[in-house]
Amino acid sequence: MRLVTFGCSVTYGQSLSDTNWKDFTILTPPSKFAWPSQLADILQVEVLNKAVPGAGNYLITHQITNFKPKQNDIIVVMWSYKDRYNVITE
């Protein structure tokens with residue numbers, strides 16, 4: 001069983017002490033202090049934090065639509081601001 005989360009910088013844990021925003025790339029792992037990791041610890045399950053800093057709801061929806069969950073995954077979505085948008089080029 002896994003906890004799979006989608007969202008923006010809040011879900012990612014952008015400003016927490018184990019993230020370095022100045023050196024951020026898409027390969028920089030999310031914070032272990034962000035709420036998804038904390039919740040996974042409480043539930044005693046693996047966490048897969050798919051959040052992206054700056055993500056709008058269109059990008060979050062795109063990620064969810066293209067994600068292939070496993071049978072027992074717990075999926076939690078933290079939506080972004082309604083006015084934030086992204087352009088998907090792929």
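1. Buried means under 20% relative accessible area, exposed over 50%, and partly exposed in between, with a 1.4 Å probe and protein chains only. At 66% relative accessibility, I42 therefore counts as exposed. I42 sits in helix 2 (residues 35–43); helices are DSSP runs of H or I with at least four residues, strands are E runs with at least two, and both are numbered from the N terminus.

2. A word on the model. It is predicted: local features need pLDDT of at least 70, side-chain atom pairs count only at pLDDT 80 or more, and totals for chains, interfaces and linings use all residues. Residues are numbered from 1 along each chain as its sequence is written, and side-chain values use heavy atoms, without hydrogens and water.

3. The whole structure holds one aromatic pair. The ring centres of F6 and F67 are 5.5 Å apart and their planes lie at 80 degrees, so the pair is edge-to-face (centres within 6.5 Å; planes over 60 degrees apart are edge-to-face, under 30 stacked, the rest tilted). The pair links distant parts of the chain, 61 residues apart. F6 belongs to strand 1 (residues 2–6), while F67 is in the loop between helix 3 (57–65) and strand 3 (74–77). Both F6 and F67 are buried.

4. F6 and F67 also belong to the largest nonpolar core, with V4, C8, V52, A55, L59 and I60 making up its eight residues. Such a core joins buried Ala, Val, Leu, Ile, Met, Phe, Trp, Tyr and Cys residues through side-chain atoms within 4.5 Å. Strand 1 and helix 3 each supply at least two residues of this core.

5. A55 is in contact (heavy atoms within 4.5 Å) with G7, C8, I60, S80, R84 and N86, leaving aside neighbours within four places in sequence.

Methods: Phe/Tyr/Trp six-rings, centres within 6.5 Å; stacked < 30°, edge-to-face > 60°.
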